[in-house]
Amino acid sequence: MVIEEVTKIVGEAVTKEVFGVWFLIGAALVFFMQAGFAMVETGFTRAKNAGNIIMKNLMDFCIGTVVFVLLGFSLMMAEDYVGGFIGVPNLSIFTDFGGFIEGNASSFVFNLVFCATAATIVSGAMAERTKFVSYCIYSAVISLFVYPVEAGWVWNSQGWLASMGFHDFAGSAAIHSVGGITALIGAIMVGPRLGKYKKDKDGKGTKVNAIPGHSITLGALGCFILWFGWYGFNGAAAWDGTSLASIFLTTTIAPAVATVVTMLYTWIKNGKPDVSMCLNASLAGLVGITAGCDALDALGATIVGIVSGILVVVVVEFLDLKLHIDDPVGAVGVHFANGIWGTLAVGLLANPDAPAGLEGLFYTGSIKLLGVQTLGIVAVLVWTGVLMGLTFFIVKKTIGLRVSAEEEVKGLDSTEHGLPSAYADFVPAVESLDYGYEDAVAVTGEIPVAEAVPVKKVPAFEEGTPKFTKIEIICKESRMEALKSAMMGIGITGMTVSHVLGCGVQKGKPEYYRGVPVEANLLPKVQVDIVVSKVPVRSVIEAAKKVLYTGHIGDGKIFVYDVENVVKVRTGEEGYDALQDVE
């Protein structure tokens, strides 16, 4: 009997210690999610703003840490909690550090990384046109006061929602819906990116333009990082091995199902599965299961995933195509819509046999939990919506939310941070976007047009000298090897090959990006430049036509130019001799 008691006591002590360490490991995983958010947002936006996105994600955590230390944590988790609404600041982290680390250090670290997550959600929705200083002010406000107060209602044992039995295990409401509604308000108040929506003279929207992100690879990397970190996000607060395993199970099922559903939905709807939407769907499923990851079973997680997979597409496309609210990364669809859904799903799908032991409507017929969940999510959204709306309004009326049109066209990397490019060794992509604003010019200056864009006539060959001809061939990349072999076959020993973008009258086959038709105006091609004198021009043309022709639009074009002279740099030979490879 004594041995059993001792074994039980030792087991409980070990479990407590092990899960105390796991709690901090989970906090580290949540911190790593900042990298995931940074990659998703960077990949889903244009390269000229990559540095700005990275900087905002970095400062969300750094500014958030400063204000959370000073005030935020006390407002959220103080023992002196007034009326179940707000904590009384005591600054014990500075005045009684020994006592603070004994009882609050783990809680502080974990709630800090959660706070940073709520703040960084907004970055993507307001990307590519928001002033950096204005964003820093927003980030400080949400971390200092907005998030700590409502999170205290949910997770402080004295909070009024916690006392009512509101269940948000890891933050569908307290984090994701907060970040989501703030993203919605911010996107509305800052306005859409230039060229996103085309309007007529009366200001009525006539067309929605797709603005694809510059790196779906970075977006995918961010998605995988976030999914990995989510096991800490949801699982860190597990109290034993069974609860941790159950949480991991539901945290895996929901996003996987959501992604499959979105793949099928976009495949049926658009004719092809949408890559970026599927990445969003993975995150949507994770957000949806976050509140009830300890309260739902496998079937409940599956239902959450099915709804999340459809909901994220519907919301993203409704905001973009119908309401003309520009959210480049889908933050509103992922976090706002699915944060609400995940919170309500607890009241509907909670299984008494799951670790949390809650009674959902579909399993017990009780509507009590659903009522509490509904009250809680409404309260959180109203609190956040009012305060963040006021914050954005004040910032907009004082220092302004948005950069100038010229700064936006140039890109925020250069105009806001003095960074020429986040990809210094790469040539920037050519934009083919109608910005729709007369004052949206990339460069301004005083140089006359004639001097800024000089036009010079190249003289033709002189009589009595061998004629040199430049043949420029534009063709499909897939025909390059065949063309090269054909040219070698007729005696061409030198050519210059470049990758180019271009189109003809057909303008390519339309595709869809996030439900918006993409006009593929610029298609990848290969440009081959050949200069001949001895080899007949007609031979080159006929050989090229023979290997390039397929009978389809876009086989290519051939241009023929006169060349004044040719100089071989190595030998100094000019004219006809410079084209001969015989030593």
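Predicted model: local features only at pLDDT ≥ 70, side-chain atom pairs only at ≥ 80, totals over all residues.
Student: Let's start with the whole protein. How many helices and strands are there?
Tutor: The protein has 20 helices and 10 strands. Buried residues account for 50% of its 583 residues.

Student: Where is His335 found?
Tutor: His335 sits in helix 13, which covers residues 331–349.

Student: And why is His335 called buried?
Tutor: Its relative accessible area is 6%. Buried means under 20%, so His335, at 6%, gets that label.

Student: What makes the His335 and His176 pair a polar contact?
Tutor: The side chains of His335 and His176 are joined at 3.0 Å. The cut-off is a pair of N or O atoms within 3.5 Å, and 3.0 Å meets it.

Student: Which residues is His335 in contact with, leaving aside neighbours within four places in sequence?
Tutor: You get Phe37, Ile121, His176, Ser177, Gly180 and Val287.

Student: What makes helix 8 "mostly covered"?
Tutor: It's a count: 18 of its 19 residues are buried, each one under 20% relative accessible area.

Student: What comes just after helix 8?
Tutor: Gly191, with a positive phi of about 85 degrees.

Conventions:
Residues numbered from 1 in each chain as written. Heavy atoms only, no water. Helix = DSSP H or I, 4+ residues; strand = E, 2+ residues; numbered from the N terminus. Buried < 20%, exposed > 50% of the residue type's maximum accessible area, 1.4 Å probe, protein only. Polar contact = N/O pair within 3.5 Å; in protein donor to acceptor, adjacent residues only side chain to side chain. Contact = heavy atoms within 4.5 Å.
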